[in-house]
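Here is a short briefing on a structure. Please look it over, then read the points below.

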Amino acid sequence: MESTVAKYPELPDAAALDACCFHCGLPLPADLDLSLTIDGAERSMCCQGCLAVAQAIIAAGHENFYRVRTESAPTGQLLVPEFIRDSEIYDTAAIQGQYLHQLDGDSCEVSLILEGITCAACIWLIEQTIASLPGVEQVRVNYASQRALVRWNRARLKLSEILQSIHRIGYRALPYNPQQQQESHHRQRRQQQRRLAVAGVFGMQVMMLSISLYAGAWSGMEASFMQFFRWLSLGLTLPVVGYAALPFFTSAWRDLQQRRISMDLPVSIAILVAFASSCLATVSGQGEVYFDSVVMFVFFLSASRYFESMARQRCAASVERLVQALPLTALRLDAVTGEASAVAASALLPGECVLIRPGDTVPADGVIRSGFSALDESLLSGEANPLDKVPGDRLLGGSINVTNPLQMEVTAIGADTVMAEIQRSIERAQADKPPLARLADRVAARFIGLVLLIVVAVAAYWWLRDSAQWFETALAVLIVSCPCALSLATPTAISASLGKMQLLGLLVKRASALETLHRVTHVVFDKTGTLTRGAPVLEQIRCMPSFAVDECLAIAAALERHSAHPLARALVSKADARQLVASEVSSVAGGGLQGTIDARQYRIGSVEFVTREAGATLPPEWLDDLDGDAQTSVVLAEEGRAMAMFSFADELRDDAVDTVAALQARGKTVVLMTGDRLAVARQVARQCGIDDCRAEMTPQAKIAAVRALQAASAVVLMVGDGINDAPVLAGADTSIAMAGASSLAKVNADIVLMSDHLASVGEVFDMAARTRRITRQNMGWALLYNFGAIPAAAMGLVAPWLAALGMSLSSLLVVVNALRLTR
Amino acid sequence: MEIIYLLIPISLLLLGLIVWILLWAVRSGQYDDMEGPAHRILMDEDQVVERDDEQAKK
């Protein structure tokens with residue numbers, strides 16, 4: 001089963017359609033003729049899997065799926081007996097207890113994580129399919145989080161049957177346990193929505209009344225109506241202040257108790273003072289009311305905080321997928337009989353033996369007891385190519401077995417595994433994250449202290465001089481200095497820019513990242529999957545003079561068709577239509593395949609393998625190339641004779657060179673840090689124009705290197721994608737995860753790219769710079785206004801109504817200025 | 001202008017209704033998935049039923 005992150009091609013246009021699988025859009029192999037009549041036309045399929053999936057979809061009467069979909073479907077996989085057995089483990093009581101939510105009677109509920117959803121039509125198809133099963137009571141698929149909630153009757157349908165039916169139409173579903181944290185996120189989000197609704201609806205009503213009051217002040221209004229409107233406004237503002245604004249008060253209070261001053265304090269004081277003085281004016285019938293300013297203030301601030309936390313939660317929703325980094329089930333081999341039985345991976349004990357089939361994820365750390373295979377550790381170490389492992393070698397939980405079945409003795413489980421160690425270093429890195437200097441908070445904190453002092457001084461001065469005027473003057477100073485505009489300056493700019501960035505495909509999880517970005521001096525890139533595509537491409541073929549390139553490629557492809565190794569796939573995809581058929585293909589320990597084509601025996605594999613097994617000698621110039629080479633090579637040989645050498649490289653992303661150059665043009669130092677070999681890293685660094693290149697780094701070494709940079713007063717932006725990058729992403733001053741990144745990396749990055757374009761990194765910098773410019777303009781204006789108006793108010797020159805108007809206008813100016821960011 | 005003493009209470013009733021509807025919408029999860037329904041509406045089950053009927057006629 002495919003466990004790597006699959007990338008699906010665009011839907012091919014009509015002309016290219018014939019050459020591609022109708023279901024998944026992959027190119028059609030030439031030696032296969034599979035087709036199915038869909039919508040009255042003959043459609044070709046690339047494999048048995050797609051054919052079976054398409055048949056299942058058509059048979060259920062869901063061919064509408066093919067009409068409304070906007071993306072290709074994931075490549076189909078046959079419903080293999082292994083999957084059926086694996087899914088049946090979910091029917092055992094012990095495992096069901098973890099995932100099933102028992103409702104009344106036989107009715108129960110389960111949450112499923114879905115994989116392979118490419119467009120909205122997939123959701124429709126999945127809902128239709130599950131709903132048509134007998135015993136299903138309700139099914140709801142959430143497109144945003146790619147989860148399904150299924151309620152069904154346990155007596156009539158087994159959980160494994162639901163999983164299998166989803167698998168049959170080409171998707172993967174796994175039950176998951178909605179974590180406590182997610183539950184509380186959910187509650188928190190609804191709470192925020194309620195507060196926003198209250199602030200919005202009551203706010204609009206208050207604004208409406210205020211307009212009548214303003215108009216009345218202009219053209220004259222009967223005192224009784226005015227009083228009535230004021231009392232109404234008071235009543236309508238009450239829920240806004242008493243309910244919608246509560247989070248500001250509680251957070252300000254919490255900060256005060258911890259002897260910190262945050263932006264919430266001036267915000268709370270502004271709300272409370274404006275509201276209290278308006279209440280006073282209403283009760284006494286004298287002075288001005290500022291209910292409109294209060295509600296506008298609360299609404300805008302709540303909205304900006306809501307959008308920020310939405311973006312964060314949306315990303316955090318992928319946290320549970322992390323569970324999948326380690327599989328849920330393992331095949332335990334019985335110590336006595338040697339029989340394999342599926343058990344929960346969490347139930348494994350050190351010393352037990354497990355069977356790991358090709359395509360499976362290693363369930364725990366261990367040592368190979370028998371078998372040999374290539375292991376893909378790219379997510380853990382950043383090493384792009386699968387590593388060959390033989391008995392006695394160590395296996396890491398979370399790596400993927402690529403080629404052959406293995407028997408592994410478990411040595412470490414749970415908290416002792418390397419995967420758990422990486423998770424712990426993430427937690428440590430987050431705890432050590434450099435404290436964020438929040439400009440607005442700092443300025444506002446000093447400002448508010450100053451203002452309070454001034455108010456007291458002014459009140460005292462006027463009290464001594466002219467006791468009749470002291471309250472009005474002190475009030476005018478308070479209102480004029482109300483840091484509304486100042487408090488709104490940053491949040492409005494940030495929420496406007498978050499919205500814009502989301503449209504551009506940049507998901508900002510921590511808004512503070514925008515403030516940090518402009519200070520960034522060093523940009524650290526990971527290699528595999530970040531600067532490069534993360535999949536090998538056939539780069540070069542060297543042939544012995546007596547062989548033709550095409551012939552060698554065809555022979556090699558015929559052999560490699562029997563392997564699931566990424567290099568094999570890269571080779572097969574380059575082979576032309578000329579098909580040879582290899583027989584008796586077997587894979588040999590030490591990295592190679594051998595097989596027979598037209599009664600001649602061929603071998604393909606590593607240089608050591610070919611020289612040892614086939615007795616072939618390689619021309620010295622090939623060996624020279626191999627030594628200093630950044631590429632990975634395999635050699636094809638017939639008995640005693642080398643034929644060709646194929647060299648693969650992990651291709652650079654199209655925009656990698658431009659992006660690095662653009663960053664350097666901004667004056668940033670670009671650093672490459674990778675877990676891969678030095679030669680490979682050097683070549684990539686040379687191609688991209690990166691001078692500082694560090695290779696063969698463990699996650700811990702990466703953190704140490706970033707810490708060293710930070711100690712030298714550098715501000716570091718980390719761009720990465722693997723699980724091995726996750727600790728660094730958390731520890732760097734700010735970080736960006738690629739679209740195809742592992743979930744652990746996404747969770748720990750401040751910004752997640754939603755498209756797979758590296759050039760987006762430049763856009764992030766652009767937006768951050770624009771946001772900062774707007775924020776500074778806003779702050780500048782707010783400070784100018786406040787400091788200009790305070791002396792005037794202190795001298796008793798400003799009437800409170802004028803102060804209120806000024807406050808509203810300056811807040812409005814700030815909001816309008818921020819909205820320029822969305823253009 | 002005394003009519004305002006009647007109109008405003010009516011508008012307040014309306015306001016109460018709006019708030020209640022919004023709170024109900026939040027509680028029943030109307031805002032939980034802001035993307036799916038936009039697509040879902042384009043793919044109604046009815047189309048499939050129609051399709052089946054067409055085939056039955058043929």
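Helices (H or I, at least four residues) and strands (E, at least two) are DSSP runs, numbered from the N terminus. This is a predicted model, where local features need pLDDT of at least 70, side-chain atom pairs count only at pLDDT 80 or more, and totals for chains, interfaces and linings use all residues. Residues are numbered from 1 along each chain as its sequence is written, while chains are lettered from A and ligands numbered from 1 in the order in which they are written.

**Positive phi in chain A**

- A:Glu696 sits in the loop between β26 (692–694) and α26 (699–711) of chain A.
- Its phi is positive, about 50°, although A:Glu696 is not a glycine.
- A:Glu696 has 15 C-beta neighbours inside 10 Å and is partly exposed; the cut-offs are 20 or more other C-beta atoms within 10 Å for buried, 12 or fewer for exposed, and partly exposed in between, with C-beta atoms placed from the backbone.
- A:Ala599 lies in the loop between β21 (592–597) and β22 (600–605) of chain A.
- The phi of A:Ala599 is positive too, near 65°.
- A:Ala599 is exposed, with 6 other C-beta atoms within 10 Å.
- Most residues other than glycine have a negative phi.

**Helix α21 of chain A**

- Helix α21 (residues 566–574) of chain A buries A:Pro566, A:Leu567, A:Ala568, A:Ala570 and A:Leu571.
- The cover over these buried residues includes β19 (532–543), α20 (549–560), β23 (632–638) and β24 (641–652) of chain A.

**Chain B**

- Chain B has three helices and zero strands.
- Its pattern along the sequence is α-α-α.
- Of the 58 residues in chain B, 5% are buried.

Notes
Two residues are in contact if their C-beta atoms, placed from the backbone, lie within 7 Å.
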